[in-house]
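Subject: Structure handover

Hello,

Please find the structure below, followed by notes on what was found in it.

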Amino acid sequence: MRQSNVIVDLSSNLSASPAWKRLETHYLSAKYLQMKELFNHDPNRFSKHSIHFEDLLFDYSKNRFTEETLNHLFALARQCNIHQWQERMFSGEKINTTEGRAVLHTALRNRSNTAIYVDGKNVMPMIQSVLDKMKIFSKKVRSGEWKGYTGKEITDVVNIGIGGSDLGPKMICRALSQYQHPRLKIHFLSNVDSAHAERILNQLDPETTLFIVASKTFTTQETRRNAQTAKEWLLNCGAKKQDIAKHFVAVSTNTVEVTKFGIDPNNMFEFWDWVGGRYSLWSAIGLTIVLAIGMPQFIELLEGAHAMDQHFKNMPLEKNIPVIMGLLGIWYNNFFGAESSAVLPYDYYLRELPAYLEQADMESNGKSVDRDGERIDYSTGSIVWGAEGNNGQHAFYQLIHQGTKLIPTDFIIASSTHTGCNQDHRNILVSNFLAQTEALMIGRSRSETREQLASAGVQIKGIEQKIPHMVFDGNQPSNSILLKELNPRTLGSLIAMYEHKIFVQGIVWNLNSYDQWGVELGKHLTEKVLEELQSQKDIYHHDSSTRGLLHQFRNYYTQTAREREAEK
């Protein structure tokens, strides 16, 4: 049994631990549970297994569990010292052990302003100082006081970043677009493929465009290249070097590189090494969000997340939404063998949420060694995917309903919308949301299929062989998350809820959820290949496939260049 500071860490030998063994034994009978029967036996199942949090309802009753299952899962959480790990994270202890960093995205939205210390220093004054700076700057841009190099107001804002510096701000801006400033159009440039930059730049007027370069180190390859392309575009359109400062600001910690680029260091917005990229939208990385929706709404976003932080920190396990979400995910991943889970928002504004959660979850818990560097012998890191629910029904729901894989799903919807659209649209959307969760749970048996065909007047003779194709096994688990309204506060709570779910699973799996070394090797090898492409020389050793692809790329590129030259 290993020690993790003062905490006895039984999870470091998770699969041999008492709580895990009890769950393995329980699963032998629980795997035959039929949710339809559970609802028939307990008419109060919904009220027992749904939780109200402010204007959010979390319904987890459509899952394969009994009270005994939940008791075993909560025992697992206690064995893994969930409450102690919560305290360690919230208090600023350096739980990101491989990088020696605290994990304090929760401090960024600590609206109670209670002191939180890192290396003996209260970080709350620094956080508030950056928020004040964001407020002042955003007011200048939104009011029209901030002008471009020809004296015109800013009309377009381009966020240049990648990963957490792109996905989080983009998801929030799209989700809250109904709050967007009427003059400002918001764009996101992340892909180093020049087609992305060209598509965006071709829409813009250099005299009225502001670029936000979001990179902690200001050395991220894709972000630096895209920022350089944007700067060259600005200069080629008539701006001077001294005008760069009017059209570029930075979210970074690297003052030297920011200044070398031409950005006024007074227009650099700071964040800290205890802010992980995929958890950074709450920091100065959220500057694009503030420009889009305004500082008051950004504060509401923070307040909604802080409220969920308090729920997660203070509620008992049995009433704790992120804890229950995380434990049910482990139940399916580790005992039922579910390899993926789907996030299905029935809301056009939340269309970017699945992509955001893909990074948040898979980059956090896609690990194969535990916190002590030991190889693990159990499954971690569910594959997270999804899309807008109503579109998904006509695409991949077939696999969820009748495929051979168990895919737990989260259904998300808001009861009201800001669009003021025709009520018929809303009724159809909500009906599909409710019907899909019910259909996944109850399914349709062979006899029920035959009865429905008969009642519809379909002749049974000759169709019997088709009935197996129309049978739905059902018993597919889902959570339903209902928001009263999609607004900054409820969205903040929703995102924080998923963040803490990821934390819970990482603790149970004994992972460091806050590093991401898996992306480093590809970056390192990219530098070598890039050197060879630029020099047109074979410098490094590669396997035959990589070498062959590299040579063929050069050949295709040369041939295409000659053909285009010949066409002129």
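This is a predicted model, in which local features need pLDDT of at least 70 and side-chain atom pairs count only at pLDDT 80 or more, while totals for chains, interfaces and linings use all residues. Residues are numbered from 1 along each chain as its sequence is written, and side-chain values use heavy atoms, with hydrogens and water left out.

The parallel sheet

Five strands form an open sheet in the order S8-S7-S9-S10-S11, with parallel pairing. Strands here are DSSP runs of E with at least two residues, helices are runs of H or I with at least four, and both are numbered from the N terminus. Two strands count as paired if DSSP finds at least two bridges between them. At the edges are strand S8 (185–189) and strand S11 (268–269), each of which pairs on one side only.

Strand S7 (residues 156–160) is joined to S8 by five bridges in the parallel sense, and five parallel bridges also join S7 to S9. Val-157 has Ile-186 as its bridge partner in S8 and stands opposite Leu-210 in S9. Asn-159 is placed opposite Phe-188 in S8.

Why is S7 largely enclosed by the rest of the structure? Five of its five residues are buried, where buried means under 20% relative accessible area, exposed means over 50%, and partly exposed lies in between (1.4 Å probe, protein chains only). In a regular strand the side chains alternate between the two faces of the sheet. In S7, Asp-156, Val-158 and Ile-160 are buried on one side, and Val-157 and Asn-159 are buried on the other, so both faces are covered.

S7, helix H8 (residues 164–175) and S8 make a right-handed β-α-β unit: with the strands pointing away from the viewer, the path from the first strand over the helix to the second runs clockwise.

Other strands

Strand S15 (residues 478–485) pairs with strand S4 (residues 56–59) over four antiparallel bridges, with Leu-56 opposite Leu-483. S15 also pairs with strand S14 (residues 409–416), in the parallel sense and over seven bridges. There, Asp-410 has Asn-479 as its bridge partner.

Aromatic rings

The structure holds 27 aromatic pairs. Rings of Phe, Tyr and Trp (its six-membered ring) pair if their centres lie within 6.5 Å; planes under 30 degrees apart are stacked, over 60 edge-to-face, and the rest tilted.

One of the pairs is Phe-58 with Tyr-60, which is stacked at 5.6 Å centre to centre with 20 degrees between the planes. Phe-58 is buried at a relative accessible area of 0%, and Tyr-60 is buried at 3%.

Phe-248 and Phe-261 form an edge-to-face pair, 5.4 Å centre to centre with 65 degrees between the planes. This pair links distant parts of the chain, 13 residues apart: Phe-248 is in strand S10 (residues 248–251) and Phe-261 in helix H12 (residues 255–261). Both Phe-248 and Phe-261 are buried.

One aromatic cluster is made up of Trp-20, Tyr-27, Trp-331, Tyr-332, Phe-335, Phe-336 and Tyr-378.

Charges over rings

A charge sits over a ring if NZ of Lys or CZ of Arg is within 6 Å of the ring centre and within 35 degrees of the ring normal. The charged end of Arg-88 is over the ring of Trp-85, 4.1 Å from its centre. The charged end of Arg-351 is over the ring of Tyr-348, 4.1 Å from its centre.

Regards
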